Amino acid sequence: MKMIDNGNELPKVTNTSDLDMPESSPNLPRRRFLAWGIYGIGAVVTMVLTILSVGYFIAPVVGAASELEVPVGEVTEFNNLNVPKAIELNYQFTDSFKQITGTAQIYVAALRKGANTAEDFKIFSPICTHLGCMVPWVEAENQFHCPCHGSTFTAEGVVTKGPASRNFDQYKLAIKDGKLVINPLQTFTV
Ligand code: FES
């Protein structure tokens, strides 16, 4: 039968796949299955991309960097120090995607003669806690003396004169296989 609209003959529909299937169509389960398959693939792709993104930004910080252990030297090299010893500590590690290298200027101080436990040592950064100048050990004064604004620190890194208002930042240290080890990326203040 011909269909008429406003006097014009409508085109005859021959391909029923362009029309919505009725709820009772035998093809409906297959179409629903395909739709859910597409949603599932999309969800999996989203999840994988999210995991990779989190890994990229977080892993270098909480993974390799936080677990870094760099040997400073043999305990016997430091256990009878009279004055703090300057060390230039080179380190490198690999995070998820690249090789990181760095250098830390540190001082090792022995708190007693014959020091042989982690508690017998202090390792600290000689960066002034006022405005960040590098502070040298001044042998003639028997103290660290900041060349910028005059702050002074004891041999163990304790501030004795301002304008610096806090001690040098310290590194958490451990003794492993007879060596002092630190993570040069992590400091704490006391
Ligand atoms: S930076 Fe050391 S006293 Fe100011």
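Good morning. Residues are numbered from 1 along each chain as its sequence is written. Since the model is predicted, local features need a pLDDT of at least 70, side-chain atom pairs count only at pLDDT 80 or more, and totals for chains, interfaces and linings use all residues.

I begin with confidence. The predictor's confidence in each residue, from 0 to 100, is called pLDDT. The protein averages a pLDDT of 81, and 74% of the residues score at least 70. Over residues 58-62, however, the pLDDT is below 50, and this stretch has 6 contacts in the model beyond near neighbours in sequence. A contact here means that the C-beta atoms of two residues, placed from the backbone, lie within 7 Å. Where pLDDT is low, the predicted coordinates should not be read in detail.

Next, the overall plan. The secondary structure comes to 1 helix and 12 strands. Helices (H or I, at least four residues) and strands (E, at least two) are DSSP runs, numbered from the N terminus. Along the sequence, the pattern reads β-β-α-β-β-β-β-β-β-β-β-β-β. Among contacts with a separation of 6 or more, 46% join residues 24 or more positions apart.

How do the strands pair? Strands of a sheet pair through backbone hydrogen bonds, either parallel or antiparallel. In this analysis, two strands pair if DSSP finds at least two bridges between them. Strand β4 (residues 85-94) and strand β5 (residues 99-110) pair in the antiparallel sense over 10 bridges, and they form a hairpin with 4 residues between them. Within this pairing, E88 stands opposite Q105, and Q92 has T101 as its bridge partner. Strand β5 also pairs with strand β6 (residues 121-124), in the antiparallel sense, over 4 bridges; here Y107 stands opposite F124.

Elsewhere, 4 strands form an open antiparallel sheet in the order β7-β8-β9-β10. Its edge strands, β7 (137-138) and β10 (159-161), each pair on one side only. Strand β7 is joined to β8 (residues 143-145) by 2 bridges, and V138 stands opposite Q143.

I turn now to burial. A residue is buried if 20 or more other C-beta atoms lie within 10 Å of its own, exposed if 12 or fewer, and partly exposed in between, with C-beta atoms placed from the backbone. Of the 190 residues, 17% count as buried. In strand β4, the count of buried residues among its 10 residues is 0.

In soluble globular proteins, nonpolar side chains tend to be buried together. A nonpolar core is a set of buried Ala, Val, Leu, Ile, Met, Phe, Trp, Tyr and Cys residues joined through C-beta atoms within 7 Å. The largest such core has 25 residues, and F78, I106, V108, F121, I123, F124 and L180 have the most contacts inside it. The elements that give two or more residues to this core are β3 (70-74), β5, β6 and β12 (179-188). Its largest share, 6 residues, comes from β5. Not counting residues up to four places away in sequence, F124 touches residues including I106, Y107, G157 and F168.

Finally, consider K179, which is found in strand β12. Is K179 buried, exposed or partly exposed? K179 is partly exposed, because 16 other C-beta atoms lie within 10 Å. Leaving aside neighbours within four places in sequence, K179 is in contact with P71, G73, E74 and V75. K179 and T76 are 103 residues apart in sequence, and 8.4 Å apart in space, C-alpha to C-alpha.

Thank you for your attention.
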